[in-house]
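I am opening a notebook on a structure that is new to me. The entries below record what I looked up.

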Amino acid sequence: MHFLENSVDLRNKRGSVEVIAGSMFSGKTEELIRRLKRAMIAGLKVEIFKPALDKRYSDDCVVSHDERSIPSTPVETASMILLLSGDVDVVGVDEAQFFDNAIVEVCRVLADRGIRVVVAGLDMDFAGKPFGPMPEIMATAEYVTKVHAICVECGNLANYSFRLADDDRLVMLGEKELYRPLCRNCYVRISSDNKDNQGADNNS
Ligand code: ZN
């Protein structure tokens with residue numbers, strides 16, 4: 001089911017926070033772009049922000065994996081979004097998991113001002129742990145949409161971003177080939193297989 005927007009009333013603006021959360025390859029950014037393009041069609045003034053560290057394809061566009069894009073502004077900190085959102089109706093935030101925790105307060109302040117805030121981000125990191133400020137944003141939002149990828153092992157809905165590389169750094173961007181979308185069953189099975197293999201290596 002598609003998300004349906006509230007009716008537009010420009011004289012009596014009502015702010016809200018919407019979250020689009022999911023694993024890698026789940027179509028989060030595509031859904032963000034879809035909502036923001038519909039807001040533009042409705043004649044609303046839209047600004048889009050992303051953390052400055054996400055330079056994977058383009059410096060000034062939110063680019064989804066299927067290459068539909070929309071102009072966006074890279075910002076170093078969440079609080080810069082407040083400074084740059086003076087006269088807008090809708091604020092989009094992509095890759096929200098990489099922002100500092102101030103993003104939670106920024107979303108609240110914007111929504112309290114009457115702005116519709118649409119936030120997309122990874123709900124979990126590669127270890128299956130809640131990612132950065134996403135839990136708090138989801139808890140304080142009016143609407144949360146979870147989107148899912150497809151498990152490459154079994155074809156069921158996937159909600160884990162399994163990392164193939166042996167690297168514990170949390171921030172590894174753009175290396176699409178290093179991640180595989182997995183469902184819970186396959187994530188548990190492959191994670192425990194890997195642990196067993198590592199144990200065997202250590203014993204030899
Ligand atoms: Zn599976």
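**Entries on the metal site and the fold**

I looked up Cys154 and found it partly exposed, because its relative accessibility is 39%. Buried here means under 20% relative accessible area, exposed over 50%, and partly exposed in between (1.4 Å probe, protein chains only). Cys186 counts as buried, at 5% relative accessibility.

I noted that this is a predicted model, where local features need pLDDT of at least 70, side-chain atom pairs count only at pLDDT 80 or more, and totals for chains, interfaces and linings use all residues. Residues are numbered from 1 along each chain as its sequence is written, and side-chain values use heavy atoms, with hydrogens and water left out.

Which protein atoms are the donors of the zinc ion? I found the SG atoms of Cys151, Cys154, Cys183 and Cys186, lying 2.3 to 2.4 Å from the zinc ion. Donors are N, O and S atoms within 2.8 Å of the metal (3.2 Å for Na, K and Ca); water is not among the atoms, so sites may look incomplete.

Along the chain, I read the donor spacing as C-x2-C-x28-C-x2-C.

I then counted five helices and 12 strands in the protein. Helices (H or I, at least four residues) and strands (E, at least two) are DSSP runs, numbered from the N terminus.

Last, I looked up burial: of the 204 residues of the protein, 46% count as buried.
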